[in-house]
Amino acid sequence: MAMTNEESPRAAAGNGRIFDLEVSALYYDKFKAVRDVVLTMERRTVTALIGPSGCGKSTVLRCLNRMNDLKRTFRLEGRICYRGKDIYAKSIDPVALRRTIGMVFQKPNPFAMSIYQNVAYGLRLNGYRGNRSEKVEQALRAAALWEEVKDKLHASALALSGGQQQRLCIARSIATEPDVLLMDEPTSAIDPIATQKIEDLMRELKKKFTIAIVTHDLQQARRIADKTAFFYVDTAEGDRTGYLVEFGETQDLFEKPKQKHTQDYIRGVFS
Amino acid sequence: MSETTTSLPPSSSEEEGLAFLDRSLARPRTLFDLCMSGLCGLFSLAAAVPLFSVLFMLAWRGGARISVALFTELPPAAGMEGGGIGNAIVGSLLVVLIASVISVPIGILGGFFLAEIDPESRTAALVRFGAKMLTGLPSILAGVFAYTAVVLLTGRFSPLAGGVALALLMLPIIMLTTEEAVRSVGSEVKEGAVAMGATQTQVVWHVLFPTALPGILTGVLLALSRGAGETAPLLFTMTFSDYWLSRNPMEPTASLAVLIFNFSKSPFENQKAVAWAASLVLVLIVLTLTIGGQALSRRTATSRSVA
């Protein structure tokens, strides 16, 4: 079992802060990819990470469930606390962490299994003994995909359209009822109608989960995020290290940005 | 006036100016291009000639002997009529089976190590280098090795020794194709499993192995076809037998390859004819395995493009 009772994140729920980041730098080998990120994520909110390509927003997102561990040369300076616990401490089991923090990727990545098996995969990993079919149906309904697939649950997931595959990946992530859902540009590879469906879905999911989303679409951030973090990278000075420029309520950040870079970026994209 | 110039086809003077657009063999580069393309076509046809002439000759010389008796009877003794290659087929299957039991698990697990478990480690670099060297190992050396390592040790020629020799030749093929197949699984799918909280072993068994399976099987089939056709290693390790496999398999045993080798040198017409028939059977077995392997790898390629 991944979690025992005393470690359960829900039992330890304190002040409603899910993530506290105090990152001074993230490295790949000797390359400093990101510096100076201080932000917090509250329970049952959507936090958007925005900024130009190469500003490190995806790198930061991938720290939250330690996906960066897959890159052998990755190194973090600073602290990332999940519900008050430093997730980069030596005592942390990243596998257990990932079972409580789900992730949806830019490119839909269903496994080469049936629709049902995809959604049940997390339950299988967790050794869930209850009624799996019920959980699968719940997750598919929550991902607004049930009506489209209920008659072909045992067909290959690869036969679905891109938008359906992405909703399937969301269903797969939420079937185990994780605490947090990380989304790395979840709608950049799919069409506007499917995007609309996924945004509606996020508003619904926010009632149960804490969501962090990386997006290139500023309007999307504006539509769905409670708080927004703007990252920037100064390529002009030959510096490729991204950093956090401004973090605050989405409305404030878009309507009265405090920093010049934020103003320029938002205006540049909108005008 | 302006209306006519826009709506009518270009005037003759304009057409002359555009003559350079017309295809013409008089132009050296066009002619050269055509000749080179023709040459390439001709040479690639030439490469196919040996294969088809071998197949044709085997079908012609060996086809006549294909019968039930060929598969059920023992090889004819010198000067005898009739006979078959039953024991050699059984022996070949047995030795390839033994070789597979040794090389398939090691090759597949090793391939996973190289591709996934610790691809950048020194161990992996060393093993990869070793496997690449081993693919170039002359098969006769594999035979000498197995002779020293197994025949001298056990004191007898046996399918086990033959299996070890063939395994040595099959192992690098299986390991390197497995590595390639596992590497070609998209990192997105792997990341998906990792993000679900799968351990490394779970990622390998639940996601990488099923997705890479057609590619891995291709490698196994290619290795099998290589193993089935080898002669030199078997001459050193299981020699030949004119009899059926006995209950004690630690004895000299017949194989198709060695049967062909022995009988093709024979002065007796009947034994020569059996050698031709055995060659045909062997080539058909190898061809089936190779084509099967290719079909599987094509299926991998298409399923990957769909995903």
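Trainee: Leaving aside its neighbours within four places in sequence, with which residues is A:Tyr88 in contact?

Mentor: Beyond those neighbours, A:Tyr88 is in contact with A:Leu76 and A:Ile80; two residues are in contact if their C-beta atoms, placed from the backbone, lie within 7 Å. This is a predicted model, in which local features need pLDDT of at least 70, side-chain atom pairs count only at pLDDT 80 or more, and totals for chains, interfaces and linings use all residues. Residues are numbered from 1 along each chain as its sequence is written, while chains are lettered from A and ligands numbered from 1 in the order in which they are written.

Trainee: Why is A:Tyr88 called partly exposed?

Mentor: A residue is buried if 20 or more other C-beta atoms lie within 10 Å of its own, exposed if 12 or fewer, and partly exposed in between, with C-beta atoms placed from the backbone. A:Tyr88 has 18 other C-beta atoms within 10 Å and is therefore partly exposed. This residue lies in the loop between strand 5 (85-86) and helix 2 of chain A; helices (H or I, at least four residues) and strands (E, at least two) are DSSP runs, numbered from the N terminus.

Trainee: Which residues of helix 8 of chain B meet helix 10 of chain B?

Mentor: Among them are B:Leu166, B:Ile173 and B:Thr177 of helix 8, while the residues of helix 10 include B:Leu208, B:Gly215 and B:Arg226. The contact divides into 13 nonpolar, 6 polar and 2 charged residues; Ala, Val, Leu, Ile, Met, Phe, Trp, Tyr, Cys and Pro count as nonpolar, Asp, Glu, Lys and Arg as charged, and the others, Gly among them, as polar.

Trainee: Why is helix 9 of chain B described as largely enclosed by the rest of the structure?

Mentor: Helix 9 (residues 187-195) of chain B is so described because 7 of its 9 residues are buried, including B:Val189, B:Gly192 and B:Val194. Their cover includes helix 2 (94-100) and strand 6 (101-104) of chain A together with helix 10 of chain B.

Trainee: How many residues of chain B are in contact with chain A?

Mentor: There are 17 residues of chain B in contact with 18 residues of chain A. On the side of chain B that touches chain A, helix 9 of chain B gives the most, with 6 residues. That side divides into 9 nonpolar, 5 polar and 3 charged residues.
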